[in-house]
Amino acid sequence: MEYMEKEMDRKRKRTWIIYILIGVSFLVGMAQFVFGGILDKVALSVGVSVATAGQLTTAYSLAHAFGTPAFIMATTKMDRRRQLLIGLTVLFLGMVLTFALPGFTSLMLSRVLLGVGSGIFNVCAFTIVAELAPPGRQARSLANLAMGISSALVFGVPLARVVANVYDWRVIFWGTGLLTLLSIFAVSRSLPPIKGGDATPVPLSKQLALLKKPKISVALGVSFFMFISYSIVSTYITPFLTSTMSMNEGGISTILFGLGLASLVGAKLGGFMADKAGVTRTLATGMTIQAVALFLISLFSGSMVLAIPLILVWSVGAWICGPMLGLNLVSLAPEAAGILLSLNGTFIMLGFAGGAAIGGIALSSLPIIAITWIGAASVAFAAVTFVLIYSLTHSRG
C-alpha cells in the first residue's frame, strides 16, 4: 500500500511538471508570435518604419536558429533541469530588456535573447516531457506541449492587440515576464535533476553529409521557402489589414483570433490528410492552397468579404504543412531522426528570418500588397520543386 501511494505521488508530480511546461510553452509562443499582431504600434513607439520593425523577427529567428544548437551542443552533458532553467532565465532577461530599456537597439537585443531562450526551452521541454510522460501517452503529452505554443496564436496574440490598444504594448511583456519568473521558481522547486545526454555531440560534418541526399536537401529547402512565405505574410499581417482594408482595432483582433483558430484547424486537418493520403500529397496540397490563396488575396485585397476568408484559408494551408514537414523528413531517414529534426528547425527559423528581411526590403520600395506576391511565389516555388524532385527520385526507385 505504501509503495502504491508513493507511485501515485510520483505520477502526480510528473503530471504537474508537464502541465507547468505546457503553460510555459504558451509564454514562449507569445515571445515568438506577439509582434505579428502589434508590429505597427511597436514601430510607432520606437520611431522606425514598419519595414524596419519587421527585422525584429529576423533577429529573433536567427538567434533561435544558430544560438540554440550551439548552446545544446556545448552543454550536451549538462543536467536537463539546469539547461531548462538557463533557457528560462535567458527568456526572462529578454522580456525584462523589452520593457525596461527604450530604443530600437535594445529591442533588437531583447529579441536575440528571446530567440535563444525560446529555442533552449523548446529542446529541453520536448526531451523532458518525452521522458516524464506515462508509457503510451508520450505522443499526446508532446502534442499538448505544442498546443501550448499554438494557443498563443489563438488567444495570446489577439489579446495582446487589445492590451496594446488600451495600454502601452510593453505592458504585455510586464505580464509575460512576471509569469516567466514564477515559472522559473516553479520549475526549480518541482523538477528533479534529469541526467543529460551521454552521447558525444553529432559532428557538424555528419549533419552536413545528410544534405547530399536529394530528398533530404529538397525537404529542407521546402521548409525554408515555405516559411519565407509564411513569415512575410504573418510578420506584416497587421499593417496589411490596416492599410488595404482600413480595418479598425476590433476587426484586427477578430482576424488575429480567426488566424489562430485556422492554425489549429490546419494542424488537425494535416494529420487527418496524412493518414488518409500520405505525407507527400498532404504537403503538396497544403502548399498549393497557400499559393492560390495568396494570389487571390492580391487580387481581392480591397474586398473584406473575399479577402478575409482567403486569409483564413491561407493560414489553414500553412498549418496543414507545418507539422508534416518534420514527419516527412523523419520518414526519409528514421535512423537520423534527431539530426534531421534539428536541421529542420534551423531551416524553418532561417525561413522566418529571411521572410521578415525580404518583406522589409520589399516594403521600402513597393506597396504592402507585395507581401502576397512574394509569399505566393516563394511557396509556389517550394511546391513545384518538391513535386518535381519527389517524382524524379520516386521514379528511379
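Colleague: A crossing is right-handed if the near helix is turned clockwise from the far one by less than a right angle, and left-handed if anticlockwise; which hand does the crossing of helix 11 and helix 12 have?
Modeller: This is a predicted model, in which local features need pLDDT of at least 70 and side-chain atom pairs count only at pLDDT 80 or more, while totals for chains, interfaces and linings use all residues. Residues are numbered from 1 along each chain as its sequence is written, and side-chain values use heavy atoms, with hydrogens and water left out. Helices here are DSSP runs (H or I, at least four residues; strands are E, at least two), numbered from the N terminus. The way helix 11 passes helix 12 is right-handed.

Colleague: Are helix 11 and helix 12 parallel, antiparallel or oblique to each other?
Modeller: Their axes (lines fitted to C-alpha atoms over the stretch in contact) come within 11 Å and cross at roughly 135 degrees, on a scale of 0 to 180 degrees between N-to-C directions. Under 35 degrees counts as roughly parallel, over 145 as roughly antiparallel, 65 to 115 as roughly perpendicular and the rest as oblique. Helix 11 and helix 12 are therefore oblique.

Colleague: Which residues of helix 12 make the contact with helix 11?
Modeller: Contact means heavy atoms within 4.5 Å. Helix 11 contributes I237, T238, L241 and T242. Their partners in helix 12 are I252, I255, L256 and L259.

Colleague: Is T238 buried or exposed?
Modeller: T238 sits in helix 11, residues 237-244. Leaving aside neighbours within four places in sequence, T238 touches G36, G37, I38, D40, R161, I252 and L256. Under 20% relative accessible area is buried, over 50% exposed, and in between partly exposed (1.4 Å probe, protein chains only). With a relative accessible area of 0%, T238 is therefore buried.

Colleague: How are helix 13 and helix 14 oriented to each other?
Modeller: Helix 13 (residues 279-300) packs on helix 14 at about 155 degrees, with the axes 8 Å apart. The crossing is left-handed. Helix 13 and helix 14 are therefore roughly antiparallel.

Colleague: What is the relative accessible area of A291?
Modeller: A291 belongs to helix 13. A291 is buried, because its relative accessible area is 15%.

Colleague: What percentage of the residues in the protein chain is buried?
Modeller: The chain has 16 helices and 0 strands. Among contacts between residues at least 6 apart in sequence, 84% join residues at least 24 apart. Of the 397 residues, the buried share is 53%.

Terms used. A crossing is left-handed if the near helix is turned anticlockwise from the far one by less than a right angle, and right-handed if clockwise.
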